[in-house]
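Subject: Structure for your reading

Dear colleague,

Please find below the structure that I am passing on to you.

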Amino acid sequence: MKAHLFQDNPFFFFVAKLSAIVWLFGATLPTLLAETWVGGGSSSWNDSANWDTHEVPSPGIGAEFVFDGPTGNKFGFGGTAAFRASSFTFTTNAGPFLFSAPEIILGGSTDEDKSDGFVLETIFSPGLIQNLSTNTQSFVANVTLGWDTVVDATNGNIAITGNLKGPGFLITKQGNGDLLLANGKVNVDGLSLQNGRLALINSEASVGSSFKGSTNASLILLNGSTFKTAVTNGMKTLNFYPQLTMAGVSKETGSPCVWDLSLNNLNIFGKPFVLSNGAAITNAGALSLIRTTDSSNVLEYVVSDGASLYCQGFNVGYTSQELYLLNGMNVLCTLVGTNTPGARPTTLDVGGKTLYVGYRAMNEARCYHNILVVKDGARVVNAGLIAVSGGNGANFNSALFFNGAHLSCSGLSVGAMASSNTIAISGLGTQARLNGGDIRIGHSQNWGWPSDNRLIISDGAQVDQAGEIVIGQCRTYKDECDRRNSMLLKSGAKLESKGVTVSDAGSREGV
């Protein structure tokens, strides 16, 4: 009778299970205190003279290890069993350490059935790797998260060579040092990149519809690394806050670094990004590079040395109304090729959509000192309208194409109801094909007095299939609109268009 009551009573069942877990937890952990390596003996882990307690510690779910030896060491753990620990801490005194093992599991629970719910929540060990030393600390192993984990590269780098996984758990990258992930597969769905740099080196990474992080951090793709955004139900938008740098081509495979967006939209906030040496962002929906502060400092976005972008619309240095920033200013977008025969061309393919540079589509916006530069054989292809600045009063903006640049679009606009805007197309081999689209500089459908706007085509450059060319047009009295707007063709330049209008007041109601 008593046995029957015990089995059927939920309270007694809970107490019995909790007692068993507590016993197991206590049996698994060799000590409640961290074990400190001081390096007083041989290089062996099993030499008790190396440990402050003069006892050799055992790995386990809650085991905490501190490394204080100034000469560092290399540890190799063979066999098939995983090396388990809650934390690795390297003091400011620590030399470089290296751990190799088939697998390292960080943190965990004594009962790893997550369906047990709240019973587990009070009996677990979070994971931690903290490097207070200026030396790089290395792990050559597949690393698995057994619980939420913090990687704190406070002063020195932390390098992991192998896979990094931990579905259902979070990993937070802190500290100004680098987290280097090399030669493995990485799932970053649960990653929060708060400080310093995360560098993927010849690695494969995947992310869902979110990537947590701050503008104080950076993501770097090197040596043929790939970054895959999972396919979602319908086109989603991924908000990305760390600075993005993609550079380098793997010498072993010749493959460039690639971020495949799977047709999802991508918003990159904060610091400018840099793509170089064959890196590619591909299969993107709308791609927006969003500035978060009004600033007198120039933000330069660079695509160079055979890098490429394939997207469905590209907005560079966009200033959003939601951030309450009135002005779109000081944005420089530079595409640089190589002009080397056989080299991979630097390419921007906008998918027939609009390319905006320093643009904010609001009447009260002031968009000034924004520049698009395409040079040295770089190409902008499959573009709809290319617009540098927008809104009223878009002054001192430029679009510059030279030294073999190629442009194919269906419209080119610089400045709106504004002055001192320039389009310059120059150099033998430089070609702009408008596909029937118009070229408009300092143009406005509203009142205004645009002046000193100019189109310059020179030194053998060609402009083909242009529609109307309109420079400094506005709706006002004609004598008020004639303000030193100009077009100049020189030194073997070629222009094909349907017509040219310079400094014309156009039609106005009541006149």
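A residue counts as buried under 20% relative accessible area, as exposed over 50%, and as partly exposed in between, with a 1.4 Å probe and protein chains only. By this rule Arg-197 is partly exposed, because its relative accessibility is 38%.

Before I continue, two notes on the source are needed. This is a predicted model, in which local features need a pLDDT of at least 70 and side-chain atom pairs count only at pLDDT 80 or more, while totals for chains, interfaces and linings use all residues. Residues are numbered from 1 along each chain as its sequence is written, and side-chain values use heavy atoms, with hydrogens and water left out.

Confidence

The pLDDT is the predictor's confidence in each residue, from 0 to 100. The average for the protein is 83, and 79% of the residues score at least 70. Residues 1-32 have a pLDDT below 50, and this stretch makes 22 contacts (heavy atoms within 4.5 Å) beyond near neighbours in sequence. Residues 507-511 are also below 50, with seven contacts beyond near neighbours in sequence. Where pLDDT is low, the predicted coordinates should not be read in detail.

Overall picture

The secondary structure comprises four helices and 50 strands. Both are DSSP runs numbered from the N terminus: helices are H or I with at least four residues, and strands are E with at least two. Of the 511 residues, 51% count as buried. The accessible surface, from the Shrake-Rupley method with a 1.4 Å probe, is about 22,100 Å², and carbon and sulfur atoms hold 52% of that surface. Among contacts with a separation of 6 or more, 63% are between residues 24 or more positions apart.

Two strands pair if DSSP finds at least two bridges between them. Eight strands form an open sheet with parallel pairing, in the order 1-2-5-9-11-14-17-20. Strand 1 (35-37) and strand 20 (212-213) each have a single partner strand, so one side of each is left without a neighbour in the sheet. Within this sheet, strand 9 (residues 127-131) and strand 11 (residues 149-152) run parallel and are joined by four bridges. In one of these, Gln-130 has Asp-152 in strand 11 as its bridge partner.

Salt bridges

A salt bridge is a side-chain nitrogen of Lys or Arg within 4 Å of a carboxyl oxygen of Asp or Glu. The count is five. One of them joins Arg-197 to Asp-178, with the closest N and O atoms 2.8 Å apart. Arg-197 lies in strand 18 (residues 196-201) and Asp-178 in strand 15 (residues 178-182), so the pair links distant parts of the chain, 19 residues apart. Asp-178 is buried because its relative accessible area is 10%.

Asp-452 forms another salt bridge, with Arg-484, where the closest N and O atoms are 2.8 Å apart. Asp-452 is in the loop between strand 46 (439-443) and strand 47 (454-458), whereas Arg-484 is in the loop between helix 4 (478-481) and strand 49 (486-490), 32 residues apart. Asp-452 is partly exposed at 29% relative accessibility, and Arg-484 is exposed at 59%.

The side chains of Asp-438 and Arg-440 also meet in a salt bridge, at 3.1 Å from N to O. Asp-438 is partly exposed at 25%, as is Arg-440 at 24%.

With kind regards
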